[in-house]
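Subject: Structure handover

Hello,

Here is the structure I said I would pass on. My notes on it follow below.

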Number of protein chains: 2
Amino acid sequence: MKATAFAPVNVAAIKYWGKADADLRLPANSSLSVNLTNLGTTTTVEWDKNLTADIADNRMVEHLDRVREIAKFNLKARVETKNNFPASVGLSSSASGMAALTLAATAAANLKLKTKDLSRLARLASGSACRSIPDGWAEWATGNDQASYAKSIFPADFWDLRVLVVILSQEKKKVSSTAGQKMAFTSPFYKARVAAIPAKITKIKQAIAKKNFSLLGQIMEEDCLNMHAVMLTQRPPLVYWLPETVRVMQAVRQWRRQGLESYFTVNTGQNVFVFCRPRDEVRLTARLRRLEGVKEVRRDQIGSGAKLL
Amino acid sequence: MKATAFAPVNVAAIKYWGKADADLRLPANSSLSVNLTNLGTTTTVEWDKNLTADIADNRMVEHLDRVREIAKFNLKARVETKNNFPASVGLSSSASGMAALTLAATAAANLKLKTKDLSRLARLASGSACRSIPDGWAEWATGNDQASYAKSIFPADFWDLRVLVVILSQEKKKVSSTAGQKMAFTSPFYKARVAAIPAKITKIKQAIAKKNFSLLGQIMEEDCLNMHAVMLTQRPPLVYWLPETVRVMQAVRQWRRQGLESYFTVNTGQNVFVFCRPRDEVRLTARLRRLEGVKEVRRDQIGSGAKLL
């Protein structure tokens with residue numbers, strides 16, 4: 001009873017910030033993301049009748065309990081997990097990690113869950129993990145426990161875009177996303193943000209459907225700044241940006257004015273994802289690598305969802 | 001018919017962003033600022049019957065027209081003006097500049113205007129210039145053309161605070177405040193910002209009255225982030241911060257966690273004003289000067305309003 005799964009990091013173009021229900025990890029607003037190809041987590045789960053306790057960290061044990069409840073058994077598991085990217089630098093490792101754990105643990109238990117149910121289950125472990133389950137572009141809807149999961153709205157091969165992952169710092173966040181999210185409602189701008197999301201999701205889906213890169217990028221950048229504006233105005237204020245984050249943002253905007261078109265987005269951390277078209281990938285990578293304070297640039301592209309290896 | 005005036009730079013603790021009337025420079029929200037002692041503009045105006053045209057730049061000529069209308073004469077003027085700080089680095093030189101011009105031009109014309117009328121007149125040249133006229137802490141109220149001026153709410157010597165002016169860059173702003181302000185209303189957060197201002201002004205006035213430095217600083221920092229959050233979410237987004245702006249903000253917050261208490265505010269530009277108590281001034285200045293990217297730190301304090309020299 002052993003299985004290994006890979007789940008990708010997902011990057012939100014319309015972001016999730018604030019929970020409607022913290023225990024069930026139900027989001028206050030819908031979100032829309034895209035999976036990467038290279039960056040992700042590989043996890044092996046083995047249910048072993050000889051074990052008397054799980055060999056896994058606490059957050060994983062909590063999730064294994066959920067799988068045991070569905071499988072209706074009481075076996076303990078050995079979990080091995082590995083990110084293929086630097087840990088704790090704000091690259092949403094909990095999303096790919098919990099998605100990989102969900103797929104590996106249920107497959108090893110011989111549970112053949114539908115994508116929709118896998119996504120819902122991953123959500124219970126880490127909200128945005130639900131978006132690393134389905135293929136390509138995923139929409140995660142608000143709703144109750146049954147209705148809130150992510151589904152694929154465009155496949156990975158629908159549109160060949162490139163994502164440059166700009167790693168700036170190994171510095172750990174002083175405030176975790178989970179802690180920060182609890183205070184989202186204290187921003188005077190929070191309600192206006194949540195109210196505007198449905199129209200933004202409709203608009204960005206149209207941009208993707210039409211492969212309108214400029215429109216996609218514009219909406220994505222705006223939503224990133226919108227979420228960070230809410231964070232900046234929470235109590236206490238959350239300033240996730242580093243000096244280098246602003247340097248990359250300003251550089252991307254300046255290069256764009258000069259005709260080299262790309263768009264940035266920043267998760268709840270300091271690192272930057274830069275979206276571009278294939279023809280500009282090499283040039284942009286070189287430019288980003290030359291920027292002061294940039295530690296590493298990983299080249300990636302739109303990818304499929306979690307899969308068994 | 002010649003007079004020389006000095007007007008100080010003013011720093012807004014509750015900031016002004018967005019106009020109710022662009023021609024009359026009526027603000028969408030009230031604001032509250034404090035004058036500095038050292039930083040400012042010295043301007044000499046001489047009305048000379050031998051001149052056939054003003055010797056002054058276009059924006060000043062427009063303002064001289066207003067003074068000529070009040071003075072009911074048609075003399076031309078020679079204007080000499082000098083900032084005692086680096087120009088065009090986002091230190092609100094138009095505020096001190098237009099306030100000094102207003103006082104010098106009216107005095108040279110032998111018009112003895114009340115502070116209130118000087119402030120209103122300065123407002124017509126550059127909105128926030130009205131706050132560089134009265135003494136110390138000034139409140140600039142919204143209202144119609146007659147009612148919208150700044151008045152002193154606490155004198156300069158009421159509270160001995162220090163202001164460290166952190167100069168980061170000579171880079172000119174890509175988008176002027178005047179141009180940026182016109183788009184303020186496109187932020188989804190603009191209405192919520194404007195609606196929350198009256199309560200913030202009441203609260204910060206109480207903090208000053210009680211000389212509660214922590215409360216003053218907290219409200220000031222929050223309002224700064226609030227205004228920049230509106231700018232970040234305008235269309236097109238306005239990112240006035242430089243990497244170094246964020247470095248100073250993060251440093252101030254970190255030193256505060258370590259017990260060295262100061263608060264930052266950033267105008268519509270990249271430079272940072274750091275407020276502190278006299279006992280911490282020397283230590284903070286030294287620390288700020290050691291920060292990467294800091295070009296210069298000017299030590300200043302709460303000052304009086306525009307005055308004739």
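A residue is called buried under 20% relative accessible area, exposed over 50%, and partly exposed in between, with a 1.4 Å probe and protein chains only. By that rule A:Glu261 is buried, because its relative accessible area is 13%.

Some conventions before the rest. This is a predicted model, in which local features need pLDDT of at least 70 and side-chain atom pairs count only at pLDDT 80 or more, while totals for chains, interfaces and linings use all residues. Residues are numbered from 1 along each chain as its sequence is written, chains are lettered from A and ligands numbered from 1 in the order in which they are written, and side-chain values use heavy atoms, with hydrogens and water left out.

Surroundings of A:Glu261

A:Glu261 lies in the loop between H7 and strand S9 (263-266) of chain A; helices (H or I, at least four residues) and strands (E, at least two) are DSSP runs, numbered from the N terminus. Beyond its neighbours within four places in sequence, A:Glu261 is in contact with A:Phe213, A:Ser214, A:Arg256, A:Cys276, A:Arg277 and A:Asp280, where contact means heavy atoms within 4.5 Å. The side chain of A:Glu261 makes a polar contact of 2.6 Å with that of A:Ser214, and another of 2.6 Å with that of A:Tyr263. A polar contact is a pair of N or O atoms within 3.5 Å; within protein, one must be able to donate a hydrogen and the other to accept it, and residues adjacent in sequence count only if both atoms are side-chain atoms. A:Phe275 is 14 residues from A:Glu261 in sequence, with 9.0 Å between their C-alpha atoms.

Domains of chain A

Chain A is assigned domain 1 (2-157) and domain 2 (162-301); the bounds come from an automatic or database domain assignment. Taken over C-alpha atoms, the centres of the two domains are 23 Å apart. Their contact takes 34 residues from domain 1 and 46 residues from domain 2. The area buried between them is about 3,200 Å², with 65% from carbon and sulfur atoms; buried area is the accessible area (1.4 Å probe) that two parts lose on being put together, summed over both.

One salt bridge is counted between the domains, a salt bridge being a side-chain nitrogen of Lys or Arg within 4 Å of a carboxyl oxygen of Asp or Glu. A:Glu139 and A:Lys205 form a salt bridge whose closest N and O atoms are 2.6 Å apart. On the domain 1 side, S4(A) gives the most, with eight residues.

Interface of chain A and chain B

Here 27 residues of chain A are in contact with 27 residues of chain B. The two chains bury about 2,600 Å² between them, 61% of it on carbon and sulfur atoms. In chain A, the residues that lose the most area to chain B are A:Phe189, A:Val239 and A:Pro243, together 21% of what that side buries.

Four salt bridges are found across this interface, and B:Arg235 and A:Glu222 form a salt bridge with an N to O distance of 2.7 Å. Eight residue pairs are in polar contact between chain A and chain B, both at pLDDT 80 or more. The elements giving two or more residues to the chain A side are helix H5 (190-209), helix H6 (213-232) and helix H7 (243-257) of chain A. H7(A) gives the most, with eight residues.

Regards
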